[in-house]
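Dear colleague,

I am handing over the structure below, followed by some notes on what was found in it. Please keep it open beside the text as you read.

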Amino acid sequence: MRAYDLIRKKRDGFPLSAEELQYLVWGATTGGVADEQLSAFLMAVFFRGMDKTELPAWLNAMLHSGQVLDLSGIPGRKVDKHSTGGVGDKISLPLAPLVAVCGVKVPMVSGRGLGHTGGTLDKLESIPGFTVDLSIARFAELVNRLGVCLIGQTAEIAPADRKLFALRDATATVESIPLIASSILSKKLAEGIDALVLDVKVGRGAFMKSLDDARVLARTMVDLCKSVGRGCVALLTDMDAPLGSAVGNAVEVRESIEILRGGGPPDVRELTLRLGVEMLIAGEAPGVGHDPLLARMRLETALADGGALERFAQLIEAQGGDPRVCDDPQRLPQPKLVREVRVDRSGVLTALDAEQVGLAAVELGAGRARKEDVVDPAAGLLVLKRVGDEVRTGDVLAELHARTESRLDAGEARLRGAATFGEAPLPRKPLVLERIA
Ligand code: URA
């Protein structure tokens, strides 16, 4: 087989066979196909797409380019959640222990923040001592014992995606629905899960800016996941404004602990519960069956009786962290400098652009402009006004946390650019826009 012929075939709009796709994935994994040929193939897919037989074959090849965990020895169904990335999206932190305490196993392999979006691993690592670098054996042991473990992607999981994603990043071929769907699923399915719940974000702070695009991505991923024999459901959720109040790392852990205590911002609590319901049903949680109301009651009880918080503390301890942060969040990294940003007019906050707020967090030191940047665990911000709130001159819009005055200046400038004020509130969008199963 010659990569040249396969590129030409795809370029001219003909579908490739499973063997041909496998050859290209082999080439990406081993270096057997040159970078320029892989890049040209990716560009051909960008324009030509992949059909309904190509996509599962491509996914299978990507998934099996590395280690696929076998958790079948652990009793119960294993279910994970994946978010396509947002600002203030700390949902995995409260959701994973909450679902685990309700009887569904949650093996979660998460990512780091890049660009304006945050990453679960960076948030967890702001807990003193917490490690996300565990062996696969320890990962499986904790999933079995605690029902939950959160780690980072190992070099052995989907190596073809590592290579192809780097090439896509450099060749303007990231925004291709078949490539996004297969990239995400190759990593998630390698965890050995039975089902996946997707949170596909839509709006200014999301990858997918329009509902139509998000719908196509969700439908593609749900169908693709099912075609390889795993359960899948997607919620399309609003990401025009940040989720909750906290954007950063330690600040988001703190807000997650509030959720696990039964409090916290209503949108974060609601989305945690909505995704939790889907996970309990997909995971056939004991005593829940297929009843969303029973599932929701089970989740609300675990938040109210402290069970979910206790499981989070056990998880932190098992992963080397200081579980006392659950009772005393002051033990989380504290900011060196704090600045309040005040509103300079009266009216209504009509928009708070999530992408700009995410970039403000990066300016403050909470995120990465490049992969190799180091994040400041204590940096970030608390947004104190919600879209739709009335404001008066002098009200505090946000509290910024950083290490230096120059970072505070840069963060403040971004944040001010994110806020739009008007005279009257605009109609509120629902948090969950659609469900795709
Ligand atoms: N996240 C991924 O893991 N892959 C993509 O292609 C896009 C987002």
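In the ligand site, a nitrogen atom of the ligand is 2.6 Å from an N or O atom in the side chain of serine 183, where a polar contact is a pair of N or O atoms within 3.5 Å, and within protein one must be able to donate a hydrogen and the other to accept it, while residues adjacent in sequence count only if both atoms are side-chain atoms. This is a predicted model, in which local features need pLDDT of at least 70 and side-chain atom pairs count only at pLDDT 80 or more, whereas totals for chains, interfaces and linings use all residues. Residues are numbered from 1 along each chain as its sequence is written, and side-chain values use heavy atoms, with hydrogens and water left out.

Turning to the helices (DSSP runs of H or I with at least four residues, numbered from the N terminus), α2 (residues 18–30) and α8 (residues 159–170) pack at an angle of about 85°, with their axes 8 Å apart; axes are lines fitted to C-alpha atoms over the stretch in contact, and angles run from 0 to 180 degrees between N-to-C directions. The two helices α2 and α8 are therefore roughly perpendicular to each other, a term used for 65 to 115 degrees, while over 145 counts as roughly antiparallel. Here Val25, Ala28 and Thr29 of α2 meet Pro159, Ala160, Lys163 and Leu164 of α8, contact meaning heavy atoms within 4.5 Å.

Helix α7 (residues 136–146) and helix α14 (residues 307–318), by contrast, pack at about 155° with their axes 12 Å apart, and α7 and α14 are therefore roughly antiparallel. Their contact is made by Arg138, Leu142, Arg145 and Leu146 of α7 with Arg311, Gln314, Leu315 and Ala318 of α14.

Finally, the axes of α5 (residues 92–101) and α11 (residues 250–260) come within 8 Å and cross at roughly 35°. In this pair, Leu93, Pro94 and Pro97 of α5 meet Val253, Ser256, Ile259 and Leu260 of α11.

Best wishes

Technical notes:
Parallel < 35°, antiparallel > 145°, perpendicular 65-115°, else oblique.
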